[in-house]
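Please look over the sequence and the structure shown here before reading on. The briefing that follows takes up helix packing, helix faces, helix ends and a few individual residues in turn.

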Amino acid sequence: MANHGNFRKTGRTSRKAAWVALLGIFLGWSAPAMAAETIVMKYGPIRRSLPIQDLRTLADTGKPSRQLNTYLRLAKQSPESLRAKLTDPMNVNVLTLDSGLNSIPGNLILDEAGKYISPPQEQGRREALRSALVLSAAGDNQVTLVEILENYPTPVVEVEVDRAVATYRQIDGVLNRQRAISPLFDLLQRGVRSFLK
């Protein structure tokens, strides 16, 4: 009997994993066909193009490239400060994130964030940022700014660093509020289903 219960749990887990995988395929949560290779970083009037790999190296090792170090000196920023911004994690379930970003408040936040993290052209900012966020959360239910930049689906991404970080924190706040009320919706949904049976 205990084995049968374990089989049911495993079956449910397998079905859930299959649904998540199918949903991922449907929503395009695979690696982007074209990921950002270059970032145009803006700190006030200072603007520099850098390989995104330089940011990944800083995030992983704490050591800036020569080019990034020059930029940070001009912007009067420390490598430690930028590293902290790049690696500050936002813990979120990928399905919750996708749901939140496809809501009216999510679209408003994406539109606002798209002013500070965007492709060089104006078109598709919302969709590009949504894609980068969801792809970043797909593997580990965690998002960092460096992952968003790496998963951005255009060859070049422009970022106003300080404003982008503030908007990133807004997204985290909206998702936390959505997670807080999500159990209430689940409870209501179960109640309606049992009433209709």
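**Briefing on helix packing and burial**

N107, L110, D111 and A113 in α6 meet R126, L129, R130 and L133 in α7, where contact stands for heavy atoms within 4.5 Å. This is a predicted model, in which local features need pLDDT of at least 70 and side-chain atom pairs count only at pLDDT 80 or more, while totals for chains, interfaces and linings use all residues. Residues are numbered from 1 along each chain as its sequence is written, and side-chain values use heavy atoms, with hydrogens and water left out.

**The chain as a whole**

- The secondary structure of the chain comes to nine helices and six strands, these being DSSP runs numbered from the N terminus, with helices as H or I of at least four residues and strands as E of at least two.
- Of the 197 residues in the chain, 36% are buried; buried means under 20% relative accessible area, exposed means over 50%, and partly exposed lies in between, for a 1.4 Å probe and protein chains only.
- Among contacts between residues at least 6 apart in sequence, 66% join residues at least 24 apart.

**Packing of helix pairs**

- Two packed helices are described by the angle between their axes and the distance between the axes.
- Helix α6 packs against helix α7 (residues 125-138) at an angle of about 105°, and their axes are 9 Å apart; the axes are lines fitted to C-alpha atoms, for helices over the stretch in contact, and angles run from 0 to 180 degrees between N-to-C directions.
- That angle makes α6 roughly perpendicular to α7, given that 65 to 115 degrees counts as roughly perpendicular, under 35 as roughly parallel, over 145 as roughly antiparallel and the rest as oblique.
- By class, the contact of α6 with α7 has four nonpolar, one polar and three charged residues; Ala, Val, Leu, Ile, Met, Phe, Trp, Tyr, Cys and Pro count as nonpolar, Asp, Glu, Lys and Arg as charged, and the others, Gly among them, as polar.
- The axes of helix α2 (residues 52-61) and helix α4 (residues 79-87) come within 9 Å and cross at roughly 95°, and α2 and α4 are therefore roughly perpendicular to each other.
- On the α2 side this contact is made by L55, L58, A59, D60 and T61, and on the α4 side by P79, L82, R83, L86 and T87; by class, it has six nonpolar, two polar and two charged residues.

**Buried and exposed faces of helices**

- An α-helix has 3.6 residues a turn, so residues three or four places apart point the same way.
- In helix α6 (residues 104-113), the buried residues are G106, N107, I109, L110 and A113. Seen down the axis of α6, these buried residues fall within an arc of 165°, so they line one face of the helix, the arc being that of the directions from the helix axis to the C-beta atoms. On the other side of α6, I104 and L108 are exposed.
- In helix α5 (residues 94-101), the buried residues are V94, L97, D98, G100 and L101. They cover an arc of only 165° around the axis, which puts them on the same side of α5.
- In helix α3 (residues 66-74), L68, Y71 and L72 are buried. They cover an arc of only 100° around the axis, which puts them on the same side of α3, whereas R66 and R73 on the other side of α3 are exposed.
- The cover over the buried residues of α3 includes β1 (38-43), β2 (46-51), α2 and α4.

**Helix ends**

- N93 caps the N-terminal end of α5, with a side-chain oxygen 2.7 Å from the backbone nitrogen of L95.
- S103 caps the N-terminal end of α6, with a side-chain oxygen 3.1 Å from the backbone nitrogen of G106.

**Individual residues**

- N69 lies in helix α3 and counts as partly exposed at 25% relative accessibility. Leaving aside neighbours within four places in sequence, N69 is in contact with P64 and P79.
- K76 has a positive phi of about 55° although K76 is not a glycine. This residue sits in the loop between α3 and α4 and counts as exposed at 77% relative accessibility.
- N141 also has a positive phi of about 55° although N141 is not a glycine. N141 is found in the loop between α7 and β5 (142-143) and is partly exposed, with a relative accessible area of 34%.

Terms used
Polar contact = N/O pair within 3.5 Å; in protein donor to acceptor, adjacent residues only side chain to side chain.
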